[in-house]
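Subject: Structure handover

Hello,

Here is the structure for you to look at. Please open it first, then read the notes below it.

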Amino acid sequence: MLTFEEKVAIIEEFSELDRKDVSLGRVNFHYEDSLYDKKIIVYRLHPNGNGFVYAGEIEGADTDERGMINIKDYSADALKDLIKEAIDSLSLSPAEKNPVMEEWLNDRDQALILLREEDGYNVYADETLEGAFNSYQEAASFLEQEGFSRL
């Protein structure tokens with residue numbers, strides 16, 4: 001297990017993180033350039049070596065209900081990798097993380113394009129917006145109801 005000082009030294013290698021000392025000798029590290037409301041990457045790193053890294057935006061990460069991963073027993077390489085992933089996950093918009101661009105056709109060979117953009121899914125006929133949806137399921141249902149099927 002890495003010591004508190006070793007963990008701090010590793011975390012401080014990430015120049016994009018700002019150290020914030022909190023109570024009882026604990027330390028947080030903030031990522032001010034986050035595209036999300038979440039700014040704290042390293043949370044309550046304690047002098048005993050316990051602490052958490054926010055991984056709530058990392059696809060497939062095994063987090064607690066707050067989106068945190070306990071880093072008490074992490075190796076140096078594992079900690080570096082996790083922090084890099086955490087920063088990257090807060091640096092990309094949802095559309096950049098999970099791009100979707102699909103062509104849908106109907107029986108008259110008319111085509112519509114389904115794109116994930118920002119926080120939603122948009123359907124286009126050429127450059128004309130035909131519909132905006134909150135989820136992929138809503139957009140796909142609309143397209144199916146209109147007689148389109150995915151290629």
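**Hairpins, sheet and rings**

Start at the hairpin of E7 and E8. Two residues lie between its strands, and glutamate 118 takes a positive phi near 50 degrees there. Keep in mind that this is a predicted model.

E7 and E8 are antiparallel, and five bridges pair them. Glutamate 117 faces glycine 120 of E8 across that pairing.

E7 has a partner in E6 too. Strand E6 covers residues 101–105 and strand E7 covers residues 111–117; five bridges join them, again in the antiparallel sense. Look for leucine 105, which stands opposite alanine 111 in E7. The hairpin of E6 and E7 has five residues between the strands. In that hairpin, aspartate 109 has a positive phi near 60 degrees.

Now the open sheet. Five strands build it, in the order E1-E2-E3-E4-E5, with antiparallel pairing. Which strands are the edge strands? They are E1 (18–21) and E5 (68–70), and each of them pairs on one side only. On average, neighbouring strands of this sheet are turned by 20 degrees against each other, direction ignored.

Inside the sheet, two bridges join E3 (residues 40–45) to E4 (residues 52–54), and the two strands run antiparallel. Valine 42 stands opposite valine 53 of E4.

Two helices pack on this sheet:

- Helix H1 (residues 4–11) touches E1, E2 (27–30) and E3, and its direction makes about 165 degrees with that of E3.
- Helix H2 (residues 76–91) touches E3, E4 and E5, and its direction makes about 30 degrees with that of E4.

Next, the loop between H1 and E1. Serine 15 lies there. Is serine 15 buried or exposed? Serine 15 is exposed, because its relative accessible area is 68% and the cut-off for exposed is over 50%. Serine 15 and phenylalanine 29 are 14 residues apart in sequence. In space, their C-alpha atoms are 11 Å apart.

On to the rings. How many aromatic pairs does a search of the whole structure find? It finds two.

One is edge-to-face: tyrosine 121 with tyrosine 136, at 5.9 Å centre to centre and 75 degrees between the planes. This pair links distant parts of the chain, 15 residues apart. Tyrosine 121 sits in strand E8 (residues 120–125), and tyrosine 136 sits in helix H4 (residues 136–145). Tyrosine 121 has 10% relative accessibility, so it counts as buried.

The other pair is phenylalanine 133 with phenylalanine 142. Their ring centres are 5.2 Å apart. Phenylalanine 142 is partly exposed, with a relative accessible area of 22%.

Finally, two charges over rings. The charged end of lysine 38 sits over the ring of tyrosine 54, 5.1 Å from the ring centre. The charged end of arginine 66 sits over the ring of phenylalanine 52, 5.0 Å from the ring centre.

Best wishes

Definitions and conventions: Residues are numbered from 1 along each chain as its sequence is written. This is a predicted model: local features need pLDDT of at least 70, side-chain atom pairs count only at pLDDT 80 or more; totals for chains, interfaces and linings use all residues. Side-chain values use heavy atoms; hydrogens and water are left out. Rings of Phe, Tyr and Trp (its six-membered ring) pair if their centres lie within 6.5 Å; planes under 30 degrees apart count as stacked, over 60 as edge-to-face and the rest as tilted. Helices (H or I, at least four residues) and strands (E, at least two) are DSSP runs, numbered from the N terminus. Buried means under 20% relative accessible area, exposed over 50%, partly exposed in between (1.4 Å probe, protein chains only). A charge sits over a ring if NZ of Lys or CZ of Arg is within 6 Å of the ring centre and within 35 degrees of the ring normal. Two strands pair if DSSP finds at least two bridges between them. Axes are lines fitted to C-alpha atoms, for helices over the stretch in contact, and angles run from 0 to 180 degrees between N-to-C directions. Contact means heavy atoms within 4.5 Å.
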